[in-house]
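Trainee: I am new to this structure, and I would like to learn how to read it. Could you take me through its features?

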Amino acid sequence: MKADRYRFDGTHPCALRALPCNGKQDDLDKEKILARTAANLEEMAKLQDAFYADGREGLIVVLQALDAAGKDSIVKHVMGGLNPQGVRVTSFKQPNGEELSHDYLWRMHKALPPRGSIAIFNRSYYEDVLVVQLHDLYKGYKMAPRTLEQDKKAFFEKRYRQIRHYEEYLYDNSYRVVKIFLHLSREEQRERFLARIENPAKNWKFSLSDVTERAHFDEYLDLYEKVINATATPESPWYALPADQKWYTRYLVSEILLDALGRCCHEYPRLAPSALAELKDCRDRLKAED
Ligand code: ATP
Ligand code: MG
């Protein structure tokens with residue numbers, strides 16, 4: 001699949017600046033891509049039905065990106081084709097007081113889906129090694145000095161390890177985690193911010209902090225690269241997808257979801273002979289009514 005070229009599973013390094021933010025290199029025909037996306041969405045809905053009925057595995061899709069990269073649009077246009085009964089979307093904002101008084105995985109764990117369901121994490125525990133690292137937020141946490149008084153590098157190396165272990169724990173407990181980074185160019189981010197300012201229907205999407213965070217664009221890119229390389233594994237891969245053309249990003253995400261659902265258990269449960277006999281009996285009784 002086209003998304004494979006953007007897949008990182010720890011077997012080769014991810015160099016974000018060498019990766020494209022648009023699909024020019026992928027020789028695209030927009031009409032064909034739109035048609036394939038629509039076909040993928042239909043296929044996804046079918047697979048999700050079986051995945052839900054099967055109920056032996058859960059799927060967690062982590063969406064990470066800089067502002068205006070299109071996380072919300074992915075949730076709306078790609079996940080929107082799924083049966084809402086089996087999907088749970090959680091947006092992780094700045095942690096509140098109760099969340100901050102717990103470990104950083106606490107709120108994630110609460111948002112885990114039951115097996116047979118899909119959780120979309122719109123931002124995630126990865127913020128705890130991204131924004132928290134970039135702005136030294138952890139230094140203000142109410143935590144024991146022994147946990148904070150260590151070298152910054154060591155602090156975050158430990159967190160990378162904890163995240164790898166957490167994802168391994170989830171995998172061993174019948175969940176799959178797929179992580180998607182929407183790789184937006186600096187120029188396209190500027191265009192999208194301007195559109196949010198100039199179009200009254202988009203004003204609400206803009207916040208002043210978007211511009212202050214933009215000043216750290218390059219630092220974020222470096223950090224994302226580090227984080228992706230530290231946490232990409234074959235069981236919980238990262239995808240660093242070009243995000244400048246929303247229609248192409250949506251297509252790639254639909255491919256990734258289809259692939260992930262295909263890897264999960266998705267067989268309709270087979271009934272035991274005694275249950276089948278009961279079904280036959282019920283059918284005979286219903287038929288006898290006419
Ligand atoms: P939108 O596209 O609507 O702007 P968003 O995901 O950026 O979506 P916002 O409410 O604008 O939502 O921002 C959420 C903010 O919360 C982000 O700046 C993110 O970095 C921050 N955040 C998330 N998790 C944490 C965390 N653990 N610690 C500190 N900040 C966090
Ligand atoms: Mg925002």
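Mentor: Gladly! Let us begin with an idea for reading the surface: a nonpolar patch is made of residues such as Leu with over 30% relative accessible area and no salt bridge, whose nonpolar side chains are joined within 5 Å. Keep in mind that this is a predicted model. Here, Leu271, Leu276 and Leu279 form such a patch, and together they have about 280 Å² of accessible area.

Trainee: Where is Leu279 placed?

Mentor: Leu279 sits in helix α12, which covers residues 273-288. With a relative accessible area of 48%, Leu279 is partly exposed.

Trainee: Which residues form the positive surface patch?

Mentor: Lys and Arg are the residues that count as positive. In this structure, Lys76, Lys202, Lys205 and Lys246 form the patch. Take Lys205, which lies in the loop between α8 (186-198) and α9 (208-214). Lys205 counts as partly exposed, at 33% relative accessibility.

Trainee: Let us step back to the whole protein. How many helices and strands are there?

Mentor: The protein has twelve helices and six strands. Its C-alpha atoms fill a box of roughly 75 × 50 × 40 Å, taken along the principal axes. Of its 290 residues, 47% count as buried.

Trainee: What does a buried residue look like here?

Mentor: A residue counts as buried when its relative accessible area is under 20%. Leu252 is a case, with 0% relative accessibility. Leu252 belongs to helix α11.

Trainee: How many disulfides does the structure hold?

Mentor: For a disulfide, two cysteine sulfur atoms must lie within 2.5 Å. This structure holds zero disulfides.

Trainee: Now for the charged pairs. How many salt bridges does a search of the whole structure find?

Mentor: Look for a side-chain nitrogen of Lys or Arg within 4 Å of a carboxyl oxygen of Asp or Glu. A search of the whole structure finds 19 salt bridges. One of them joins the side chains of Asp67 and Arg123, at 3.2 Å from N to O. Asp67 is in the loop between β2 (58-65) and α2 (71-77), and Arg123 is in the loop between β4 (118-122) and α5 (131-134), so this pair ties together parts that are 56 residues apart in sequence. Arg123 is buried, with a relative accessible area of 18%.

Trainee: Which pair is found within a helix, about one helical turn apart?

Mentor: That is Asp259 and Arg263, four residues apart in helix α11 (residues 246-263). Their side chains meet in a salt bridge of 2.9 Å, N to O. Asp259 is partly exposed, with a relative accessible area of 23%, and Arg263 is partly exposed at 44%.

Trainee: With which residue does Glu191 form a salt bridge?

Mentor: Its partner is Arg190, and the closest N and O atoms are 3.4 Å apart. Glu191 is partly exposed, at 44% relative accessible area, and Arg190 counts as partly exposed at 45%. Salt bridges can also join into a network, as they do for Arg17, Asp218 and Asp222.

Trainee: One last topic, the backbone. Which residue has a positive phi of about 55°?

Mentor: Asp27 does, although it is not a glycine. Asp27 lies in the loop between β1 (7-8) and α1 (30-54), and it is exposed, with a relative accessible area of 69%. Ser174 is another non-glycine residue with a positive phi, of about 75°. You will find Ser174 in the loop between α7 (152-172) and β5 (175-183). At 24% relative accessibility, Ser174 counts as partly exposed.

Key:
Residues are numbered from 1 along each chain as its sequence is written. Chains are lettered from A and ligands numbered from 1 in the order in which they are written. This is a predicted model: local features need pLDDT of at least 70, side-chain atom pairs count only at pLDDT 80 or more; totals for chains, interfaces and linings use all residues. Side-chain values use heavy atoms; hydrogens and water are left out. Patches are made of residues with over 30% relative accessible area and no salt bridge: like charges are joined within 9 Å, nonpolar side chains (Val, Leu, Ile, Met, Phe, Trp, Tyr) within 5 Å. Accessible areas come from the Shrake-Rupley method with a 1.4 Å probe; for residues, only the protein chains shown count as cover. The place of a charge is taken as NZ of Lys, CZ of Arg, CG of Asp or CD of Glu. Helices (H or I, at least four residues) and strands (E, at least two) are DSSP runs, numbered from the N terminus. Buried means under 20% relative accessible area, exposed over 50%, partly exposed in between (1.4 Å probe, protein chains only).
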